[in-house]
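Here is a short report on a single protein chain. Keep the sequence and the structure in view while reading.

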Amino acid sequence: NYAVARVKRDIGGNSYLGAMVTDVRPADGLANTAGGLDASFWPTSLLNVQTFYARTATDGPGGDGSAYRLGWDYQTDGWGLTGHAVGVSPDAQADLGFIGRTDMRRYEAFTRTTQRPGVLGLRKMDFFAFGNLITRWDGALQDRSYGPGLGFEWESGESLNAYGLRGFTRLDESFDLSDTV
């Protein structure tokens, strides 16, 4: 037996609050239930805040976990700031969903400033910087990357972007790329 329930309520002109539950009851296996709340709020016309919190539960050992996200996006013509924090506990299991990576906390930020020079057919130039940090649930470092960037957009719609990236990834176990490497 499979069950899915979703409710969502608009709040004001652009915001919403929602809830969802999924449930799997196999005849010969362990039942799994996942449920959570999600929301998107626009406190101003320039700022969007998005969030969710979810829990999972499975009969028997394992499968009991949680996940969360808090994100924000503030954009004006001249500058912008976007970021989010996401976490998925080690035992989170959603049989009617998709969890790409468990045992992680991810923090990302992106900021930009935009100039409109009005020369050489340029519509705009963006200067930006970004950062990404991923840890295990217990705080141990897994991945890190950051860097600056520069983007050009012409009145014709063509664009050119360049950025630098410095990063680190922890490999927990060895692997072969091919038989010879």
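Val 4 sits in strand 1, which covers residues 2-11. The model is a predicted one. Val 4 has 56% relative accessibility, so this residue counts as exposed, the cut-off for that class being over 50%. Val 4 and Met 20 are 16 residues apart in sequence. In space, their C-alpha atoms are 7.4 Å apart.

**A nonpolar surface patch**

Together with Tyr 2 and Leu 96, they make a nonpolar patch of about 420 Å². Leu 96 belongs to the loop between strand 6 (79-88) and strand 7 (104-115). Its relative accessibility is 34%, so Leu 96 is classed as partly exposed.

**The largest pocket**

Next, the largest pocket. How much space lies in it? The figure is about 540 Å³. Its lining counts 25 residues. Phe 52, Ala 54, Ala 67, Ala 94 and Phe 98 are the ones that lie nearest the centre. Sorted by class, the lining holds 15 nonpolar residues, six polar and four charged.

**Salt bridges**

Side chains of opposite charge can pair when their charged atoms come close. In this model, the count comes to nine salt bridges.

| Pair | N to O separation |
|---|---|
| Arg 101 and Asp 143 | 3.1 Å |
| Arg 106 and Glu 108 | 3.4 Å |
| Arg 136 and Asp 172 | 2.7 Å |

Take the salt bridge between Arg 101 and Asp 143. This pair links distant parts of the chain, 42 residues apart. Arg 101 is in the loop between strand 6 and strand 7, while Asp 143 is in strand 9 (residues 141-154). Is Asp 143 buried or exposed? Asp 143 counts as buried because its relative accessibility is 15%, and buried means under 20%. Arg 101, at 34% relative accessibility, counts as partly exposed.

Arg 106 and Glu 108 form another salt bridge. Arg 106 has a relative accessible area of 25%, so this residue is partly exposed. Glu 108 is partly exposed too, with a relative accessible area of 28%.

The side chains of Arg 136 and Asp 172 also meet in a salt bridge. Arg 136 counts as partly exposed because its relative accessibility is 23%.

Salt bridges can also join up into a network. Arg 123, Glu 153 and Glu 155 are linked in this way.

**Backbone: positive phi**

Most residues other than glycine have a negative phi, and most peptide bonds are trans. Which residues have a positive phi despite not being glycine? Asp 103 is one of them, with phi near 55°. Asp 103 is placed in the loop between strand 6 and strand 7. At 26% relative accessibility, Asp 103 is partly exposed.

Leu 120 also has a positive phi, near 55°. Leu 120 is located in the loop between strand 7 and strand 8. With 76% relative accessibility, Leu 120 counts as exposed.

**Separations along the chain and in space**

Two further pairs set sequence separation beside C-alpha distance. Pro 148 and Ala 162 are 14 residues apart along the chain, and their C-alpha atoms are separated by 8.7 Å. Pro 148 belongs to strand 9. Its relative accessibility is 53%, so Pro 148 counts as exposed.

Ala 31 and Gly 80 are 49 residues apart along the chain. Their C-alpha atoms are separated by 44 Å. Ala 31 is in the loop between strand 2 and strand 3. Is Ala 31 buried or exposed? Ala 31 counts as buried, because its relative accessibility is 6%.

Terms used. Residues are numbered from 1 along each chain as its sequence is written. This is a predicted model: local features need pLDDT of at least 70, side-chain atom pairs count only at pLDDT 80 or more; totals for chains, interfaces and linings use all residues. Side-chain values use heavy atoms; hydrogens and water are left out. Patches are made of residues with over 30% relative accessible area and no salt bridge: like charges are joined within 9 Å, nonpolar side chains (Val, Leu, Ile, Met, Phe, Trp, Tyr) within 5 Å. Accessible areas come from the Shrake-Rupley method with a 1.4 Å probe; for residues, only the protein chains shown count as cover. A salt bridge is a side-chain nitrogen of Lys or Arg within 4 Å of a carboxyl oxygen of Asp or Glu. Helices (H or I, at least four residues) and strands (E, at least two) are DSSP runs, numbered from the N terminus. Buried means under 20% relative accessible area, exposed over 50%, partly exposed in between (1.4 Å probe, protein chains only). On a 1 Å grid over the protein atoms alone, a cavity is a set of points where a 1.4 Å probe fits but cannot get out, and a pocket is an open set with protein on both sides within 12 Å along at least five of seven lines; lining residues have an atom within 4 Å of a point. Grid points are joined across faces, edges and corners, and a volume is the space filled by probe spheres set on the points. Ala, Val, Leu, Ile, Met, Phe, Trp, Tyr, Cys and Pro count as nonpolar, Asp, Glu, Lys and Arg as charged, and the others, Gly among them, as polar.
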